[in-house]
Amino acid sequence: MTQPIFEDRKDQIYVKGGAEPFEMACNRDSLAGAVSQRACVFCGSRVVLYPIADALHLVHGPIGCAAYTWDIRGAVSSGPELHRLSFSTDLRENDVVFGGEQKLYRALCELIDRHNPSGAFVYSTCIVGIIGDDMEAVCKRVSEEKGIPVIPVQSEGFKGNKREGYDAACKALMRLAGTAPTDDISPLSINLLGDFNLAGEIWVIRDYFKRMGVEVVANVTGDGRVADIRRSHGAALNVVQCSGATLPFAQLMEEEYGIPYIRVSYFGIEDMSQALYDVAKFFAEKDPEVMNRAKEVVSEEIKAIMPRIKELRKDLKGKKAAVYVGGAFKAFSLVKTFRHLGMQTAVVGSQTGTKEDYAELEAITDPGTIIVDDANPLELQAFIKEKDVDIFVGGVKERPIAHKLGVGFCDHNHERKECLEGFIGMVNFAEEVYRTAMSPVWRFVPRRAAQNKAVLESKNLDSACSLDAPEGCMKEGAL
Ligand code: SF4
């Protein structure tokens with residue numbers, strides 16, 4: 001690694017196969033001044049809860065906090081779409097001086113009367129933590145008056161990192177679970193945790209389980225419903241996707257209701273198949289046929305997608321990728337998926353990975369791979385340039401980094417509109433990587449144009465006709 005790194009960040013960055021032994025520092029507060037890619041506690045809790053489509057989501061704080069809306073991270077619903085509306089108590093100076101409880105009470109009553117939600121979540125923001133509004137008391141009063149669960153989410157932005165936001169959201173979910181009857185739930189039943197249905201993925205996954213004869217009780221939380229989560233304690237197993245967001249909910253459910261959980265990923269052929277097999281294995285005693293049904297699903301799906309994957313792989317072979325995502329579980333799957341496509345992951349990192357996560361990443365990556373925890377834009381930019389990758393996979397905050405560097409980008413998080421999970425998701429992902437990484441436009445970004453020109457000159461070729469572009473485009477800095 002040749003790029004300068006803040007002294008206090010050096011133990012959060014590692015090059016596989018380098019001189020340093022693998023000892024990754026992670027899961028700690030971001031370094032002040034380093035401008036982490038992470039969001040605040042409030043954003044973390046909102047990411048988890050707001051896909052619950054029939055709930056009212058009210059941000060108690062100044063209007064700026066509410067800017068993180070459905071438009072930034074869409075979660076699709078098969079029914080109600082109340083979650084797409086943003087509500088804020090819009091606290092002003094007067095409220096900060098005299099308290100915002102009355103305003104919160106009035107806002108809740110008005111919104112519940114107007115929208116008739118099945119439940120409400122009230123998010124605490126930094127200023128509410130400072131002025132000390134008693135959200136608990138207001139929510140309890142409104143809940144009694146309106147007859148629906150009204151749940152405070154203790155998500156003051158300053159009290160930690162995004163991971164604390166996940167914890168706050170999971171504690172809020174725990175107040176919903178266990179509040180409705182579970183009589184008619186099948187013995188082969190699961191809750192799906194950690195999928196937010198950004199592009200209809202949860203419908204694909206639910207279909208696989210349905211074909212296996214497994215009932216999904218609650219989606220936590222993509223395309224989620226308050227009533228389903230209230231009876232989620234009746235499921236036999238919690239299936240947790242990704243590592244960060246909803247794992248605390250699974251752990252609390254295990255403590256409180258004795259429901260075991262498994263961790264899975266639905267990205268890529270290997271991990272998707274493994275997820276179905278792991279669930280089948282769990283229920284094998286109750287239903288010896290469930291494993292055969294899982295195998296049938298896997299074999300049918302793989303048969304359908306492999307011809308196209310093989311075709312795309314021919315051209316993608318040897319290309320390089322950088323990956324920076326929220327949870328490390330997704331990073332594992334992406335490393336394996338790129339390998340399936342004949343590509344190498346040269347840079348990989350996450351916002352919230354744990355020591356175990358990074359040990360796993362170290363084990364599955366190739367020598368020379370840069371592994372990073374809680375990166376900032378300057379670091380990511382430096383790593384991408386150093387490794388000269390063909391595509392960067394990340395979320396909404398990583399997109400401008402790729403665009404500014406002239407590197408292909410694939411949104412694997414907030415804004416995507418195409419399902420990337422399941423077997424069909426593998427094809428969609430491969431197609432997107434192909435379209436992006438193989439685009440001829442990258443020849444003309446200044447960095448690549450200079451390289452191309454040097455190669456062509458060394459072969460005595462005319463750049464204009466060889467690259468089918470005006471000569472001016474081949475000059476460094478022309479674009
Ligand atoms: S850090 Fe605080 S003020 Fe900023 S968005 Fe988060 S909750 Fe709001």
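These legends describe close-up views of a predicted model. Local features need pLDDT of at least 70, side-chain atom pairs count only at pLDDT 80 or more, and totals for chains, interfaces and linings use all residues. Residues are numbered from 1 along each chain as its sequence is written, and side-chain values use heavy atoms, without hydrogens and water.

**View B. The largest nonpolar core.** This core has 66 residues. A nonpolar core is a set of buried Ala, Val, Leu, Ile, Met, Phe, Trp, Tyr and Cys residues joined through side-chain atoms within 4.5 Å; buried means under 20% relative accessible area (1.4 Å probe, protein chains only). Ile190, Phe209, Met212 and Val279 have the most contacts inside the core. Helix α11 (residues 290–316) gives the largest share, eight residues. Helices are DSSP runs of H or I, at least four residues; strands are runs of E, at least two; both are numbered from the N terminus.

**View C. The cis bond at Thr221.** The peptide bond from Val220 to Thr221 is cis, with omega near 10 degrees. Thr221 belongs to strand β7 (residues 215–221).

**View D. Asp223.** This non-glycine residue has a positive phi of about 50 degrees. Asp223 sits in the loop between β7 and α8 (226–230). Asp223 counts as buried because its relative accessibility is 7%.

Terms used:
Buried < 20%, exposed > 50% of the residue type's maximum accessible area, 1.4 Å probe, protein only.
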